[in-house]
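Subject: Structure handover

Hello,

Here is the structure I promised. Please open it alongside these notes. My findings follow below.

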Amino acid sequence: QVQLVESGGGLVQPGGSLRLSCAASGRIDRIYSMGWYRQAPGKQRELVATITSSGSPKYADSVKGRFTISRDNAKNTVYLQMNSLKSEDTAVYYCNLDHAVVGGTLYLEVWGQGTLVTVSS
């Protein structure tokens with residue numbers, strides 16, 4: 001079994017920064033892709049950024065140039081550095097694993113519990 005522990009959410013003023021972390025625990029053999037999605041009130045969940053095991057990132061157009069995703073494979077941890085935050089970035093941010101092998105079992109998708117990011121003055 002695999003568990004995700006997210007941290008780093010909170011309240012920040014427009015233009016400020018936050019760093020989210022997500023650590024995966026369990027008998028992890030391999031994780032293909034780790035990433036972040038978000039869901040704002042009344043909206044569908046959307047991709048923010050993902051990063052493969054080889055370090056190749058992908059970003060939503062709305063966060064390009066402001067957010068940076070990184071990954072520590074040794075710690076099975078993914079980070080999201082968010083700069084120049086805007087009110088429209090307010091959402092619950094969810095950590096995601098895509099194709100994780102844990103204890104010999106393939107998990108197609110694993111989700112964290114979510115962490116709230118509020119951008120407001």
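A contact here means heavy atoms within 4.5 Å. Keep in mind that the model is predicted.

Start with Arg 38. This residue sits in strand 4. Is Arg 38 buried or exposed? Its relative accessibility is 5%, so Arg 38 counts as buried; the cut-off for buried is under 20%. Leaving out residues up to four places away in sequence, Arg 38 touches Gln 44, Arg 45, Glu 46, Val 48, Ser 62, Val 63, Phe 67, Glu 88, Asp 89, Ala 91, Val 92 and Tyr 93. The side chains of Arg 38 and Tyr 93 make a polar contact of 2.9 Å. The side chains of Arg 38 and Ser 62 make another, at 3.4 Å.

Next, the core. Tyr 93 turns up again here. The largest nonpolar core holds 32 residues. Trp 36, Leu 80, Met 82, Tyr 93 and Leu 97 have the most contacts inside it. Several strands each supply at least two residues of this core, among them strand 4 (28–39), strand 5 (46–52) and strand 11 (115–119). Strand 9 gives the largest share, 6 residues. As for Met 82, its contacts include Leu 18, Leu 20, Phe 67, Tyr 93 and Val 117, again setting aside residues up to four places away in sequence.

In what order do the strands of the open sheet run? The 4 strands are ordered 1-3-8-7, with antiparallel pairing. Strand 1 (3–7) and strand 7 (67–72) are the edges, each pairing on one side only. From one strand to the next, the twist averages 15 degrees. Strand 1 pairs with strand 3 (residues 18–25) over 5 bridges, in the antiparallel sense. Val 5 has Ala 23 in strand 3 as its bridge partner.

Last, the aromatics. How many aromatic pairs does a search of the whole structure find? The search finds 1. The partners are Tyr 37 and Trp 111, with ring centres 5.1 Å apart. Their planes stand at 70 degrees, so the pair is edge-to-face; that label needs an angle over 60. Tyr 37 belongs to strand 4 and Trp 111 to strand 10 (residues 105–111), so the pair ties together parts 74 residues apart in sequence. Tyr 37 is buried, at 19% relative accessible area. Trp 111, at 32% relative accessibility, counts as partly exposed.

Best wishes

How values were computed: Residues numbered from 1 in each chain as written. Predicted model: local features only at pLDDT ≥ 70, side-chain atom pairs only at ≥ 80, totals over all residues. Heavy atoms only, no water. Pairing = 2+ DSSP bridges. Axes fitted to C-alpha atoms, helices over the stretch in contact; angles between N-to-C directions. Core = buried A, V, L, I, M, F, W, Y, C linked by side-chain atoms within 4.5 Å. Buried < 20%, exposed > 50% of the residue type's maximum accessible area, 1.4 Å probe, protein only. Polar contact = N/O pair within 3.5 Å; in protein donor to acceptor, adjacent residues only side chain to side chain. Phe/Tyr/Trp six-rings, centres within 6.5 Å; stacked < 30°, edge-to-face > 60°.
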